[in-house]
Amino acid sequence: MFKVLVIDDDDAVRHALTAALEIYGYETATATNGIDGLAKAQQWLPDLILCDVNMPGMDGREVLQRARNDPELANRQFVLMTGNQEQNPLREGMNLGADDYLPKPFELSQLKTCVESRLRRAQTYRRLENGMLRRHAELFGSTLPHEFMTPLNGILGFAEILKEDLGRVPPEEARQMLSDIESCARRLHRTLLNYLLLARIESADANERPAPPSPLPADQTLSLVVGMAETVARRVGRLNDLQLAVDPIAVRAYDSDLRIIVEHLVENAFGYSAPGRPVKVSLARENTGPTLRISDQGRGMSTQQIAQIGVFTQFERQQFEQQGLGIGLALVQRLLARQPGKLTFESVPNKGTIAIVTLPPA
């Protein structure tokens, strides 16, 4: 049973409204002024609040403002009522965040229609909100805390050892601990940057889109791709597994975006293949345009897994230990859309994957 709170200083109006609402099947509560009404709302948590605008002391506008600033009441449906048409309460109420407005006097049929409409919307909002909360819980419940806490624990743990045993830890061991602290900090830093970049791209509207990219000269493209691939290979300790076949080709792309694209795809290739197995990075001019290929001889992906690539998606995480939020490929896709470019995959389970990036020519 939905709960409706009626706040009105007019006894006759208040009693008539509650009687009608109870006939319609709603549970009701009342208050004779704004102060008591707000207190009742905070205690009772109604699904909908019907509130008169003009009341002594705290009027309906202030009740609405305070309700919208209260976390428990902020999303409750709120309908303002007034008989003073000269104040334009509709515009004012909507500006303050009211969900609807009933001009007095109104027919009971208008009341019924208004309340039913507001409560249907409340149900819709609640379903959407619950769905989002469940989805976020699924996405962040284990992955996000793990990806933040693991490097943080490393930083804090090594720092504590160095602090407590300063002077007793051998220099070489201390240097290794400092190196581990730096590695953990960089991992955490990259995780946060990737998340914030993806969030910024997702929330950007058409007016925030950057200007079209300028051409990258062939030598700059060559240096960028080779340099980033080698940086990732060194980071994971697999420089000997890296194979390069990069032609100097001019492309049209944002250099910062291209760095991130290469970094994530090469990092994925190393992450999904065992040490000792080669990861090949090539750039060549193909029929479709300048094409970057990153191939590995790892466990591969199925057609269904490729179709499911998106934000916070990691495959078989329970079976294979992975780092990261699973946003890498989604971020690559969003960045390529700005160039514009295209990302496709060729993959065979247990044999390997080729990530294929087609870039616009200069």
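# A chat about a predicted model

Student: Which residues are linked with K104 in a network of salt bridges?

Tutor: In this predicted model, D8, D52 and K104 are linked in a network of salt bridges.

Student: OK, then which residue other than glycine has a positive phi near 70 degrees?

Tutor: That is N350, whose phi is near 70 degrees, and N350 is found in the loop between β11 and β12 (352-358). L45 is not a glycine either, yet L45 has a positive phi of about 55 degrees, and L45 is located in the loop between α2 (34-44) and β3 (48-52).

Student: How much of N350 is accessible, and how about L45?

Tutor: N350 has a relative accessible area of 65%, so N350 counts as exposed, while L45, with a relative accessible area of 25%, is partly exposed.

Student: Back to salt bridges: how many are there in the whole structure?

Tutor: A search of the whole structure finds 16 salt bridges. One of them joins the side chains of R66 and E62, at 2.8 Å from N to O, and because these two residues are 4 apart in helix α3 (residues 60-68), they are separated by about one helical turn. R66 is partly exposed at 40% relative accessibility, and E62 is partly exposed too, with a relative accessible area of 28%.

Student: And which salt bridge ties together parts that are 32 residues apart in sequence?

Tutor: The side chains of R235 and E267 meet in a salt bridge of 2.9 Å, N to O. R235 lies in helix α8 (residues 218-235) and E267 in helix α9, so this pair ties together parts that are 32 residues apart in sequence. R235 counts as partly exposed at 38% relative accessibility, and E267 counts as partly exposed at 23%.

Student: What about R238 and D241, buried or exposed?

Tutor: R238 is buried, and so is D241, and their side chains meet in a salt bridge of 2.8 Å, N to O.

Student: New topic. Which residues have the most contacts inside the largest nonpolar core?

Tutor: The largest nonpolar core has 40 residues, and L265 and V281 are those with the most contacts inside it. Helix α9 (residues 255-271) gives the most to this core, with 8 residues. A second, separate core of 19 residues includes A41, C51, M55 and L80.

Student: What does V281 touch, not counting residues up to four places away in sequence?

Tutor: With those sequence neighbours left out, V281 touches a list of residues that includes V225, A229, L242, L244, V246, V266, L292 and I294.

Student: How far apart in space are G328 and T191?

Tutor: They are 9.7 Å apart, C-alpha to C-alpha, although 137 residues separate T191 and G328 in sequence. T191 is in helix α7 and is buried, with a relative accessible area of 9%.

Student: Last one: which residues form a nonpolar patch on the surface?

Tutor: L192, Y195 and L196 form that patch, with about 250 Å² of accessible area together. Y195 is found in helix α7 (residues 171-203), and at 30% relative accessibility Y195 counts as partly exposed. For the protein chain as a whole, 43% of its 362 residues count as buried.

Technical notes: Residues are numbered from 1 along each chain as its sequence is written. This is a predicted model: local features need pLDDT of at least 70, side-chain atom pairs count only at pLDDT 80 or more; totals for chains, interfaces and linings use all residues. Side-chain values use heavy atoms; hydrogens and water are left out. Patches are made of residues with over 30% relative accessible area and no salt bridge: like charges are joined within 9 Å, nonpolar side chains (Val, Leu, Ile, Met, Phe, Trp, Tyr) within 5 Å. Accessible areas come from the Shrake-Rupley method with a 1.4 Å probe; for residues, only the protein chains shown count as cover. A salt bridge is a side-chain nitrogen of Lys or Arg within 4 Å of a carboxyl oxygen of Asp or Glu. Buried means under 20% relative accessible area, exposed over 50%, partly exposed in between (1.4 Å probe, protein chains only). A nonpolar core is a set of buried Ala, Val, Leu, Ile, Met, Phe, Trp, Tyr and Cys residues joined through side-chain atoms within 4.5 Å. Contact means heavy atoms within 4.5 Å.
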